[in-house]
Amino acid sequence: MRVDIVELIDARVPLKKAGTNFMACCPFHAEKSPSFTVSQTKQFYHCFGCGVHDNAIGFLMNFENLSFVESVEILAKQAGLQIPKEMQQSDQHTEDFDIMEQAVVFYRQQLRDHAAAKSAQNYLLNRGLSKEIIKKFQLGFAPPGWDNLSKKLNTDTKKQASGVKLGLTITKENRTYDRFRNRVMFPIHDRRGRPIGFGGRVIDPEDTPKYLNSPETPLFHKGREIYGFYYARQAMREQQQVIMVEGYMDVLALAQHGIEHTVATLGTAATADHFQQLFRVAPTIIFCFDGDRAGRQAAQRALQIGLPLIRDGLDMQFCFLPQGEDPDSLVRAGGKEGFLGHIQKALSFVDYFLQQFEDEIDITTAAGRARLLDTSKSQVQRMESSALRVLLIERLAAVVRMKVDACERVLFDQAPAATRTQKRQTVTEKTTIDFSSPVRLAIALVLQRPELAGLLTEKAFLQSLELPGLDILQDLLDLAIGRSEISSAALLTHWQEHKAYAHLVKLATWEIPIPSSGWAAEFQGVIMRLHAAYRSQQIERLMAKANQRGLSDEERAQLAALIREKDQETTS
């Protein structure tokens, strides 16, 4: 399957030609100057800002939040190919999605036509929702009665069993009845827009619970899914931020007022899966919580989950609403500008990190400041090393009235600053790739120009050569020889699980100082260097053997030939 990665990415992130490559601002982190490079010859992308890199499949997985198989299916369809059955989605789920879609259609029809739907219609209209929003989010109505949906699914035994499996119906004492009854229905969609579950809100205030979600099913997992994500994704990219609220109606009310980059969790606290999904689309997550105790506790949980995930280019902020208000009530009272005014007052990550201790610790005393440093120690240690962590440590140092270096040593039990500086310099020196190693240069050349492998007329000598990395070079050559169409990305795919993968990616993206003679001459030159290394090793081996126990006539002839060859190369 051959899909041009430039066309694929350009359709989603506009690219500009820059020499032999294409450039854009990275879609995976916030930046002002483009450092995201796409190579048409290598069929590979790499961001020199945040370090992300992959091929066309990997781009779709990261950009669209798709699985590997889903990405392959999309690329195959784009190329007009049929993928093998063993690679297709084990579409045991295809029928499940069909049944969920039937349930969505059923509930929407009931909202429009059922005799008891007036109360549901009035509820939605009284909440200020337009017909357009109701239609866009596919809202519906589960009518009163025990088996309205069950009867529709009861057309065959398989559908009836699937209804139970998907959480639409419940079987008890040989009787099947509807899970959702007399409720406004909110379909929950996956990242591809397919219905996977429902949330139902009571109409009669005497009914309980107020909100009822689908149970965990083969399609629906509360801790992974985000309400409104499918509809908000494009707006999130445009705004470079996402507002996380607490309920369905908050998402709908904000969308109604043109604030479309809004999502909600599904009755659970924010999870690491939620963070990772959202950060792939927008670099800033703004948590919008009620200002009460429950809202503060939810914010603290979000902070704890986000600490190990946040890094340079990513941010999380915290907006606490006035007591007794929620996003729905605020946007209806103050409109779009009024609500966004509250969002603009959101606390930064650093401000909220420090504020969370205010009510518990008296920092006016030395003991209180020491306690603050001790309490925050484990949290700071969970963060990745980043500029954001440095800024946080600087603020902490100011609050506890210590020098930054001293504060850092306490937080991380580090050595003195001079030692740390020396270590940092050592790391920096190692980041430059040294191409004086012929094996390293040969690997980089083949990774960046796989067609060069076809110039190799003889490679048997490599099997007797002893140099670090030679096994990888031989495997690369085996993959590339005879396959002129193979791309850099395809070659790298074979090493995704290998411990050397990250280093190979660097070699595939690093700028090689190629002389004016060109890539082919450089490749042939490095092969000559490898052959010279092989010859030297063989001479040393034979000389050592001659000193120990002597050589056979054949070995003496071989040694003489190797020495002549070396002398000729030296004098030529």
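Trainee: On what basis are the residues and values reported?

Mentor: This is a predicted model, in which local features need pLDDT of at least 70, side-chain atom pairs count only at pLDDT 80 or more, and totals for chains, interfaces and linings use all residues. Residues are numbered from 1 along each chain as its sequence is written, and side-chain values use heavy atoms, with hydrogens and water left out.

Trainee: Which elements do the buried residues of H13 pack against?

Mentor: Buried means under 20% relative accessible area, exposed over 50%, and partly exposed in between (1.4 Å probe, protein chains only). The buried residues of H13 include Leu 330, Val 331, Gly 335 and Phe 339. With contact defined as heavy atoms within 4.5 Å, the buried residues of H13 pack against strand S12 (242-245), helix H10 (248-256), strand S14 (284-290) and strand S15 (315-321).

Trainee: Which strands stand at the edges of the open sheet of 5 strands?

Mentor: Two strands pair if DSSP finds at least two bridges between them. The order of the sheet is S1-S2-S3-S4-S5, with antiparallel pairing. Each edge strand has a single partner strand, so one side of each is left without a neighbour in the sheet; these are strand S1 (16-18) and strand S5 (53-54).

Trainee: In S3, which residue is the bridge partner of Phe 22?

Mentor: In a regular strand the side chains alternate between the two faces of the sheet. S2 has a covered face, Phe 22 and Ala 24, and an uncovered one, Asn 21 and Met 23. S2 and S3 pair in the antiparallel sense over 4 bridges. The bridge partner of Phe 22 in S3 is Val 38.

Trainee: Which residue stands opposite Lys 16 in S2?

Mentor: S1 and strand S2 (residues 21-24) pair in the antiparallel sense over 3 bridges. Their hairpin has 2 residues between the strands, and Gly 19 takes a positive phi near 70° there. Ala 18 stands opposite Asn 21, while the residue opposite Lys 16 is Met 23.

Trainee: Is Gln 138 buried or exposed?

Mentor: Most residues other than glycine have a negative phi, and most peptide bonds are trans. Gln 138 has a positive phi of about 60° although it is not a glycine, and its place is in the loop between helix H6 (131-136) and strand S6 (140-142). With a relative accessible area of 18%, Gln 138 is buried.

Trainee: Is Arg 401 buried or exposed?

Mentor: Arg 401 also has a positive phi, near 60°. Arg 401 lies in the loop between helix H16 (387-400) and helix H17 (404-412). At 62% relative accessibility, Arg 401 counts as exposed.
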